[in-house]
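Please look through the following structure slowly, from its overall form down to single residues. The report after it is meant to be read side by side with the model.

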Amino acid sequence: MSLRDRLAAQIAATGPISVAQYMAVCLHDPDFGYYATRPALGEGGDFITAPLISQMFGEMIGVWAASAWELMGRPQALRLVEMGPGDGTLMSDILRTGRHAPGFLEASDVWLVETSEPLRDLQRERLPEDVRWAKSLDEVPGGAPLLLVANELLDCLPARQFVRTPIGWAEQVVGLDAHGALAFGLSPTPAAGLLPDAAPGQVYEQSAAQAALGADLGRRVAADGGAALLIDYGRAEPGFGDTLQALRRHEKVDPLAAPGEADLTVHADFPAVSAAAMAQGAEAAILTQTAFLARMGIGERAEALVRAAPERSARIGRQLTRLIGADEMGELFKVCAIHSPDWTPPAFEETA
Ligand SMILES: C[S@@+](CC[C@H](N)C(=O)[O-])C[C@H]1O[C@@H](n2cnc3c(N)ncnc32)[C@H](O)[C@@H]1O
């Protein structure tokens, strides 16, 4: 039985499911979920992420982490955590860059929070032996300042979708059409009174999982000190729009066409994540990826790489454009820092 058939049987028996439930099953079902069975990152896979575009991305995060540690007064114990580490490239680049800050690596207790077994195997191949794994942030011990990075994690946390109809809000659900195929439909929602005012046709997305992560991180940095850096495509202001997207071999595909066989995402809701963190006593600030990487020195790093290997100049230029070009990742991707109120992390000084 395929995941599509299993979902169809379940929906026929017990009724439509929310988009959030659909996303959770498609991504994490132990037998059929995309991340549990066939995550394929990189040029030859389903999608590519910034650390895989260029080493410069992870190096800038490494510079950020080491500078943050120095700004915090070089604590002798630090939890250096990556959530959703993919194939391990980002953490590998962070650790290589961190070698340039004496004492930083020695202070760092490195944790990877990962739910996907196949990706854990890839991470194991790429990273040092003393790195530790957890399935959730709760398993990473507290009691020391936290520096946490998550690139393209928020977008794969499940979200519900609501549609404003002419007579009020309804929830978008996944049900069955007359032929038994998976199909979107609308269902009355008790949440209607809690949703913002909007014109008919607008779609409002709400991710309890994204907000819960914001709250967990806010609580953690308010108690232990430190900062979390969440990088993703998403909105910096509250807004509307249907952002559910399925990607397979770099092409957008129908999100209902082949459950579990494509990566399924929604935009990160940075205002909701920030509000949840601030409600726990943390502070939060958002920059575009362009502003963050420029402030961390990516332009200078690109020049140094070109000086060292002039024959790679065109390639490095293309990589830089992909990461910071306004029409590429630069403006769509945001970098959100959630930090304890007693300091401001590198690159975010001007937002304080
Ligand atoms: C889109 S990939 C990004 C990978 C990597 N950060 C990069 O930029 O290349 C999403 C990552 O988050 C992991 N992931 C998904 N849901 C998760 C969750 N609830 N907790 C921890 N990791 C999760 C996936 O297994 C994968 O490693």
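Which residue in β8 does Leu-176 stand opposite? Leu-176 stands opposite Leu-182, and the section on strands returns to the pair of strands concerned.

## The model and its overall form

This is a predicted model, in which local features need pLDDT of at least 70 and side-chain atom pairs count only at pLDDT 80 or more, whereas totals for chains, interfaces and linings use all residues. Residues are numbered from 1 along each chain as its sequence is written.

The protein chain holds 13 helices and 16 strands; helices (H or I, at least four residues) and strands (E, at least two) are DSSP runs, numbered from the N terminus. Its C-alpha trace spans about 65 × 45 × 35 Å along the principal axes. A compact globule with 352 residues would have a radius of gyration near 20 Å, and the 21 Å of the protein chain agrees with this; the radius is taken over C-alpha atoms, and the globule rule is 2.2 Å times the number of residues to the power 0.38.

## Buried residues and the core

Of the 352 residues, 45% count as buried, where buried means that 20 or more other C-beta atoms lie within 10 Å of a residue's own, exposed means 12 or fewer, and partly exposed lies in between, with C-beta atoms placed from the backbone. The largest nonpolar core has 92 residues, and Leu-229, Val-273 and Ile-338 have the most contacts inside it. Such a core is a set of buried Ala, Val, Leu, Ile, Met, Phe, Trp, Tyr and Cys residues joined through C-beta atoms within 7 Å.

Leaving aside neighbours within four places in sequence, Ile-338 is in contact with residues including Leu-217, Val-221 and Ala-277; contact means that the C-beta atoms of two residues, placed from the backbone, lie within 7 Å. Val-273 and Ala-277 are among the buried residues of helix α10 (residues 270-278), and what covers the buried residues of α10 includes α9 (208-224), β10 (226-235) and β16 (333-339).

## Paired strands

Strand β2 (residues 78-83) and strand β3 (residues 108-113) run parallel and are joined by 6 bridges, while 3 bridges join β3 to strand β4 (residues 132-134), again in parallel. Strands count as paired if DSSP finds at least two bridges between them. Val-113 stands opposite Met-83, and in β4 the bridge partner of Val-113 is Ala-134.

Strand β7 (residues 168-176) and β8, by contrast, pair in the antiparallel sense over 7 bridges. They form a hairpin with 5 residues between them, and Gly-180 in the turn has a positive phi of about 85°.

Pro-200 lies in the loop between β8 (182-188) and β9 (203-206), and Pro-200 counts as exposed because it has 10 C-beta neighbours inside 10 Å. Although Pro-200 and Gly-168 are 32 residues apart in sequence, they are 7.9 Å apart in space, C-alpha to C-alpha.

Two residues other than glycine can be found by their positive phi: the value is near 70° for His-250 and near 80° for Ala-347. His-250, in the loop between β11 (245-248) and β12 (251-253), is exposed because 11 other C-beta atoms lie within 10 Å. Ala-347, in the segment after β16, counts as buried because it has 24 C-beta neighbours inside 10 Å.
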